[in-house]
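Colleague: I am new to this one. Could you show it to me and say what the labels rest on?

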Amino acid sequence: MIKNTKLSRAIQLAMLSGAYTVGMGAVSTAQAQPSGAEVEEIVVTGSRIVRRDFEGTSPVFTLDSSAVRDAGTPQIEQVLNELPQLVPSITTTSNNPSNGGQANIDLRGLGTSRTLVLMDGIRLQPSNVSGVIDLNTVPAGLIDNIEIVTGGGSAVYGSDAIAGVVNIKLRTDFEGVQVASTFAESAEGDGGTQTVSLMLGGNFDDNRGNAVMFMSYDNRDGVFAGDRAFSEVARGPNLAPLGSAAVPDGFYVPAGANRGSQAAYDSVFGPGAVPNTDILGFNQDGSLFSRTGTVNYKGDTSDVGYNPNTFSYNYSPVNYLQLPLERRQIAAFGHYDLSDNAEAYAKMSYTTYSAQQELAATPVTSGVGSTVSASNPFIPADLATILASRANPDDPFTMYRRTVEVGSRASDNNYDVLQMTFGTRGDFQLADYTWNWDLWGSWGRTQRTEIQTGNVSRSKLQAAYNATAANPDPLGCGGLNPFGLGNISDACAAEIAVQAQNTTILTNKMAGATMTGGVFELPAGTVQTAFGVEYRDNEAVFRPDQFLASGDVVGFNAQQPTVGGIDVMEVFAEFSVPLINDAPLVNYLGLDGAVRYSDYNLAGGVDTYSLGLDYEPVENVKIRGSYNRAVAAPNVSQLFRPQNEGFPAYTDPCWDGSAQRTGPNAAQVNALCAAQGAPASFPQGNSQVRALSGGNPDLDPEVADTYTFGTVWSPDLQDLNLRLAVDWFRYEITERIGGVGAASIVSRCFNDQDANPTYSPTNQWCSYFERSAAGVAENVRATDQNLGKMNLDGIDLQIDAGLEVGPGMLTSNIALTHLLKWEQQEDPSAPLTSQAGTIGVVVGETLPEWKARISTGYGFGDYSVQWTMNYIDGMDVVNSNAARSLVTSGVVPTVGSYTYHRLTGTWAPSSMLEGLSLTAGINNLMDKQPPIYTGDAGAGIQSNTDPSTYDVLGRRYFVSATYNF
């Protein structure tokens, strides 16, 4: 048996309840109480009604703080994203796209804006204009547990809870001093993470009050894609090296209607060596080489990304695999008894952190300052020969170039996030019932300052390209020579470089009042109710740098200012009615419900409501079901965001190697391409398209109906502590807010989804973009809209078991989700397309049909060990059109299943070193490398994989120490 020490009893308790408590709604972290003992009344996420246990009608999953400790990381999103209920979204390993280092949470893959994040039941201060919460602002060292409700929660907590609610509960009372530190590093000797924290707390005024202060510092080192073999080369079809067509050497792109003659090409390269349709690059001496076949290339061929068949720029090595981050946090909270039945409380948290993003040097391609005058005095002799042979030799020409002389594009994001909450709460007697009340107010402010380097002024670069023999130096830097790697002088690079600073300021004011208690008795028990009122006022201001706002920038995306605010007044009520108790085949039957009315200043009034049924046919067996009507009003970004520039991936149907060009409708496709100005021999020089996206002030709220139905079994076994829950869930969302992707818009123009059956150039989808003189698609317009439906079904299985074995306690915990259906429309007229079992078009948008986490531990005496396994089912890799059709053009069409292992051991001596706890562990124990698939799959691709879903750092070691005194 385990020694009868305080530590051993704590280990037994923790192991029995599991590293994470099974989210059954019926499972409590407390042990069974002896007969006649007082049972503490608590509030569990999903309801504001004070209960004697966790037995609600919606599934509640609880993650214990030990799970964060055993993961060896201060970034709690890395722990949460292992859970099968969550989809990782964009994380700390996502560099492009990146959300500036923020860590968000996405339940069921429904989107971060549809997941409501609370701290101790109150909304956290958002960190962007979409109102999304950044988990970097949560003090990880203070977490007691995290509760997740995945059945929707708008009726209880308001808008944004369509997917569910994540409530982070912090430790409240603390006496003494606690010092903690963690160090982690990969087996490659990089990616280090260091954390140190100090917590001070104590009672005062004869124990009427308690105050706690917490301070922490952590630092995460960056890791570049070039530091790993799987990501050091940007790969294309068949996994051959294929980077960007925007090369540092520069590419001359021949126009379809005005290209050089074959005779001129032959005079430069030799008879028949290079066709006159090929893109041409520049050696440092000004001579030409061909992109296809690299004929006459004189540069470095030893680079691992060099492909002799198709010359391109290997942009991968200088992109981050793990974003560097430095963070400081201060939190203080306390409470004071005003009387026997009332207390005042206050909470304050402040986070300041910086996170970096780094991309390859700016690519200058079609439509963004890439037109060169035929009179430019730096044009090399070989190119002059080809230009002179054109039908219109004086026309300007298109040039692709990457401005490596300016430097990489770097973004330094600095955040300051403050939130303060003050309130009073207490209880009073009303007849025979105890009523609880809570009156509170909160104020928060977020400021994000982003400093960008590596941008290029479009107008200055164009002015340099327009140089003439009479004016060879319009910038006054000695003349800008763009032809050949390294030929732009330092002075000219500094002249065209742009440093930009963007500022985002968010303020959030909230207030609320809640009362809850019993109202009358029924034969089965007490009818309880809760009611209250809440007010929220969110304001957002985004001020981009003048260069970004003007659009006179190439590099990071041009952006426009955003200013807007939303306020809402809400009233709500809940009830819990025990219908039958202690009857034959009805040990208990109860009904729960909630209703909320929200009055938005812009969206107007909306109603949300929920009903839940709790049925126990016999003791220890529970059947439950719930229905929720959830509503999410459009946020500030969706309403007020102006059109901003972006460069999403796409595949042009007019590309001369596309499936559409040779498919059953090839004649109609070719005719439409010709009508748009794309010639028959049209190489898609860039895998990204310039697109404009923005908000829409006429958006309607999203509406969702969510359902859950399940059973919980908690048998009363002498030696085995077992709890099992199985729950079915369904989400049906209409009026979904989003944008039709640029890739989908272009493909719909060519009759994807039967959107243009006549292949008319005047079709609405074709009108959403233009083509340049060279035939390149550009300026795709994709603003937010109320789109079609989103439906998903699935099953959650959760098991928690504990058994005394030998001198200690053996536990096992299983959380598994089987995704039955995940489908959506991209517009109301399109069919629902299935995405279950696929890697989607956005990084982290992975929807495996099976995902599981299994944790097994053994604790004895002063020691405990924990093994955790995470399983991700195999998925299809899909392309970026609306139908998500499989890719067959040589890329990897599927990714196999992946299993990751973590092993952790803890020693907490109970003798003279009592108060000390040491933990060591290994993540990705088997050093599993991520799957590789390629860019033309158009599916959440970064560094040849999905770095948010799969581990990209490899095996990692960590040690941590905590001392209480």
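Modeller: This is a predicted model. To start, the side chains of Gln447 and Arg445 are joined by a polar contact of 3.1 Å.

Colleague: What makes the pair Gln447 and Arg445 a polar contact?

Modeller: The cut-off is a pair of N or O atoms within 3.5 Å. The side chains of Gln447 and Arg445 are joined at 3.1 Å, so the pair counts.

Colleague: Why is Gln447 called partly exposed?

Modeller: Its relative accessible area is 24%. Buried needs under 20% and exposed over 50%, so Gln447 falls in between.

Colleague: Where does Gln447 lie, and which residues does Gln447 touch, not counting those up to four places away in sequence?

Modeller: Gln447 lies in strand S21, residues 433–456. Gln447 touches Asn414, Tyr415, Asp416, Thr503, Thr504 and Ile505. Tyr415 is 32 residues apart from Gln447 along the chain, yet their C-alpha atoms are separated by 5.8 Å.

Colleague: Now helix H5. Which residues of H5 are buried?

Modeller: In H5, residues 262–269, the buried ones are Ala264, Tyr265 and Phe269.

Colleague: How do you know that they are on the same side of H5?

Modeller: They cover an arc of only 115 degrees around the axis, which puts them on the same side. On the other side of H5, Ala263 and Ser267 are exposed.

Colleague: What do the buried residues of H5 pack against?

Modeller: They pack against strands S11 (251–253), S12 (280–282) and S13 (288–290), and against helix H6 (381–388).

Colleague: What follows H5?

Modeller: Gly270 does, with a positive phi near 105 degrees.

Conventions:
Residues numbered from 1 in each chain as written. Predicted model: local features only at pLDDT ≥ 70, side-chain atom pairs only at ≥ 80, totals over all residues. Heavy atoms only, no water. Buried < 20%, exposed > 50% of the residue type's maximum accessible area, 1.4 Å probe, protein only. Helix = DSSP H or I, 4+ residues; strand = E, 2+ residues; numbered from the N terminus. Arc of directions from axis to C-beta. Contact = heavy atoms within 4.5 Å. Polar contact = N/O pair within 3.5 Å; in protein donor to acceptor, adjacent residues only side chain to side chain.
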